[in-house]
Amino acid sequence: MNLRATLLAVLAMALGAALTLAVVQSRLGAPWLSLAAHPEVLAQLDSSMADLKRLAETDPDNAAEYRRRFAETERLSRRLRIVAHNRERLARRQGWALGGALALVLLATGSGLVVRQHRDQARLERLSGALGALAAGDTGIEIGDRRRDEMGTIAAMIERASRTMARDRRRLASLENLSAWQEAARRQAHELRTPLTTARLLLDRLERQAPGHTADAASMRHELERLAGSVERFAAFARLPAPRPEPGDLGELACEFAATFAGAWPGLTLRAVPAVGPLPVAVDRGMLRQVLNNLCANSAQATTRADGPPAGTVTLSAFREGGRAVLEVADDGPGIAAAVRRWLFEPYATTRAPGEGMGLGLAISRKILLDHGGELELTRTSDAGAAFRLLLPPALPDARAADDGGA
Amino acid sequence: MRRAARAPLLTLALLVLGSAASAADDAQSAGGGSEAPALERRGARLRLAGLPPLIAAEEVREHLETGLTTTFVLEATARDGNGRKAEGGARAAVRYELWDEVYLVSTIGADGITMRRRLESFEQLLEWWRGLALTLLEAPDLDHSGRWEVRLALSLVPFSQSEQDDAQRWLTRSLEGGGSPATEELAEAAEGGPAPLRGLLDVLAVTSIARRSLRRWEWRLTSAPGGR
C-alpha cells in the first residue's frame with residue numbers, strides 16, 4: 001500500500017467515524033440531556049415541593065425537616081432548569097468534545113499509519129536493493145532487518161540465500177582445486193609407476209647377479225617400497241571414488257566407530273556422546289569411517305608425547321544444527337597453529353616430518369564431505385584442543401545425486 | 001467622591017454583562033408593545049423612571065416563578081446633538097422565594113446605588129417594576145442643554161452567576177459519576193475519576209453552562225433636559 005492509498009484509507013476512516021459519531025450523538029448523546037431536564041421531571045419536582053409545603057403546614061413539628069427537603073428539591077429543580085436552558089449548547093459541546101477526541105485518535109492513527117508506511121517503504125527499498133545485489137551475485141549481503149514480520153522473514157531469507165551462495169562458491173572452488181590436485185596426483189602416479197617398476201626389476205637382477213650385497217639391496221628395496229607406497233597414495237587420491245550413500249543414523253554411526261576403533265590408537269581414548277534424537281543421514285559408511293580415521297589419526301599424532309605413546313581423548317558428538325546433521329570430532333590436544341589453519345585442507349599440506357605423511361588426509365576427508373553435499377570445518381582450536389565438524393544434509397535423494405556432486 | 005470613582009467600574013461591569021447577554025441567539029429587536037420606558041434627565045444624569053409591564057407577559061412571568069434569579073440588564077447609549085456618545089447601564093434581579101412565596105428584588109444603577117426589597121405578591125412586583133427608577137448613565141461630556149437620542153436595551157437573563165457556578169459544579173460531578181444530593185459531599189471530598197477525564201468534563205461543563213438572555217427588548221427614545 002503506497003502513501004496515497006494510506007491517506008485515502010485514513011480519510012475513509014475519518015468519514016466513517018464522523019458519520020458514526022453523528023449518529024451516536026443524535027441518538028444517544030443529546031437525548032439523555034432532554035431526559036434529565038424533561039418538563040415532566042420538573043413538574044414532578046414542583047409537585048414534590050408543593051407537597052412538602054403542605055406537609056409543613058399540617059405537621060408543624062417537623063416543618064424544619066420539610067423545609068430542608070424543600071430546599072434540596074428546589075436546588076435540584078434550579079439546576080435542572082439551568083441544564084435545560086443550556087441543553088442544546090451542552091449537546092453541541094459534547095459533540096465537539098467527542099469529535100475532538102475522535103479527531104485526535106484518527107490523527108494519531110493516521111500519523112502512525114503514515115510513519116509505518118514510510119518505514120515499510122524504506123524496508124522494501126532495502127529488500128529490493130538486496131535482491132538486486134543477490135541477483136548480481138553479491139554474496140556478502142547483510143540487510144540487518146530483524147523484525148518478526150513478513151519483510152523481516154524475507155530479509156532473513158535473502159541473507160540466508162546469500163550465505164548459501166557464498167558457501168556453494170567456496171565449495172565449488174574447493175572442488176575445482178581438488179580436481180586439479182587429483183589430476184596432478186594421477187599424472188605423478190602414472191609418471192612414477194614406470195621407472196619404479198623398472199627400478200624394481202633392475203634390483204631383482206642385481207640381487208641375482210651380486211648376492212654378496214644383500215644389505216645394500218635390502219636398503220634399496222625398502223626405499224623403493226616407500227616410493228611405491230607414495231605412488232599408491234597419489235593414485236588413491238587421484239581415483240577417489242564417488243560416495244555410495246546408504247541410509248543411517250549419524251549418532252549410531254559415531255558410536256559404532258568409537259566402539260570398533262577403541263583400541264586402534266594406543267593411549268587415545270575414543271568417546272561417543274549419544275545423540276539426543278535420531279539423526280537420519282544418507283552416507284557412505286566406508287568413506288565416513290575413512291574421514292573419522294583420518295581425524296583420529298591426526299589427533300593421535302597431536303597428542304603423542306615425545307617420551308611415549310599418545311595420551312588424549314577424542315570425543316564424537318552427533319547433533320542437529322540448522323537443519324543439518326553434525327558430527328563433531330574434538331580432541332584435547334595442543335590445537336592447530338594459526339599459520340597452519342589457512343592451508344589446513346589443501347592437499348600436500350602437512351606439519352609432519354618428510355616421509356611421515358603426504359598431507360592428503362584432510363584434503364581427502366573434505367572432498368568426501370563435499371561429495372556428500374556436506375562440509376568439513378575446523379570449528380575451534382586452542383591450547384585445550386581442536387574440534388572439527390562434519391556437516392551432512394539430512395539425506396541425499398539417491399546415489400546419482402552424490403555422483404553428480406562428486407563429478 | 002467614592003461613589004463617583006466607583007461608577008465607571010460599575011458601568012464597565014454592567015456593560016460586560018450586557019455584552020454577554022446580547023450574544024444571545026434568540027435576542028429580539030422589538031419594542032415592548034405600545035408602551036415605552038420613561039426616562040428622566042437631571043443635568044448629566046440619565047435615569048430610568050419606569051418600565052412597561054413586560055414582566056406580566058406570560059413567557060416572563062412563568063420564568064420568574066421558577067425559583068431562579070431572573071436578571072434584567074439595562075443598557076443605555078445616549079448621543080447628543082453633536083454626535084457625542086455615552087454608555088451606561090443598570091441591573092435588576094428578581095428571585096421568587098418558593099417556600100415563602102415572596103419576590104426578593106435587588107437593583108443596582110450606574111451610580112452604584114443598590115436597593116433590596118421583599119415584595120409579597122406579583123401585584124406589588126408589577127407596581128415596583130412600573131415605577132423602577134435607576135440611574136442609567138452619567139455623561140458630563142454630553143451637551144446637557146440639548147436633546148439626547150437614547151437607545152435602551154433590556155435583556156432577560158434567566159439565572160444568576162452563583163446559580164450558574166453551582167450548576168456547573170453539579171453537572172461536572174454528575175458527569176464524573178456522582179451528583180446525587182446524598183453523594184455530592186463525598187464526591188466533592190474524593191474528587192474521584194481520572195484527572196484528564198475530570199479536566200475534560202470540567203471544561204465541557206464550564207464552557208457549556210452559560211448565561212444567555214432569553215429575551216431582549218430595544219427602544220429608541222428621546223430625552224429632553226429636565227423632563228421625560
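Colleague: At what angle do the axes of helix H4 (residues 87–135) and helix H5 (residues 150–209) of chain A cross?

Modeller: Residues are numbered from 1 along each chain as its sequence is written, while chains are lettered from A and ligands numbered from 1 in the order in which they are written. Helices (H or I, at least four residues) and strands (E, at least two) are DSSP runs, numbered from the N terminus; axes are lines fitted to C-alpha atoms, for helices over the stretch in contact, with angles from 0 to 180 degrees between N-to-C directions. The axes of H4(A) and H5(A) come within 10 Å and cross at roughly 20°.

Colleague: Are H4(A) and H5(A) therefore roughly parallel or roughly antiparallel to each other?

Modeller: Angles under 35 degrees count as roughly parallel, over 145 as roughly antiparallel, 65 to 115 as roughly perpendicular and the rest as oblique. H4(A) and H5(A) are therefore roughly parallel.

Colleague: Which residues of H5(A) make the contact with H4(A)?

Modeller: Two residues are in contact if their C-beta atoms, placed from the backbone, lie within 7 Å. H4(A) contributes Arg123(A), Leu124(A), Leu127(A), Ala130(A), Leu131(A) and Leu134(A). From H5(A) come Met151(A), Ile154(A), Ala155(A), Ile158(A), Ala161(A) and Ser162(A).

Colleague: Which helix gives the largest share of the side of chain A that touches chain B?

Modeller: In this interface, 20 residues of chain A are in contact with 20 residues of chain B. Helix H2 (39–58), helix H3 (63–85) and H4 of chain A each supply at least two residues of the chain A side. The largest share, twelve residues, comes from H3(A).

Colleague: Which strands stand at the edges of the five-stranded open sheet of chain A?

Modeller: The order of this sheet is S2-S4-S5-S7-S6, with mixed pairing; two strands pair if DSSP finds at least two bridges between them. Each edge strand has a single partner, so one side of each is left without a neighbour in the sheet. The edges are strand S2 (268–273) and strand S6 (375–382) of chain A.

Colleague: Which residue in S4(A) stands opposite Leu268(A)?

Modeller: S2(A) and strand S4 (residues 312–321) of chain A pair in the parallel sense over six bridges. Opposite Leu268(A) stands Gly312(A).

Colleague: At about what angle does helix H7 (residues 250–260) of chain A run to S4(A)?

Modeller: Helix H7 of chain A lies across S2, S4, strand S5 (324–331) and strand S7 (385–392) of that chain. Its direction relative to S4(A) is about 170°.

Colleague: What is the average twist from one strand to the next in the six-stranded sheet of chain B?

Modeller: This open sheet has the order S6-S5-S4-S3-S8-S9, and its pairing is antiparallel. Strand S6 (114–119) and strand S9 (215–223) of chain B each have a single partner, so one side of each lacks a neighbour in the sheet. From one strand to the next, the twist averages 15°.

Colleague: How many bridges join strand S5 (residues 102–108) of chain B to S6(B)?

Modeller: The two strands run antiparallel, and Ser106(B) stands opposite Arg116(B) in S6(B). The number of bridges is six.

Colleague: What is the mean pLDDT of chain B?

Modeller: In chain B, 71% of the residues reach 70 or more. The pLDDT is below 50 over residues 9–32 of chain B and over residues 181–194 of chain B. Where pLDDT is low, the predicted coordinates should not be read in detail. For chain B the mean is 78.

Note on methods:
Predicted model: local features only at pLDDT ≥ 70, side-chain atom pairs only at ≥ 80, totals over all residues. pLDDT = per-residue confidence, 0-100.
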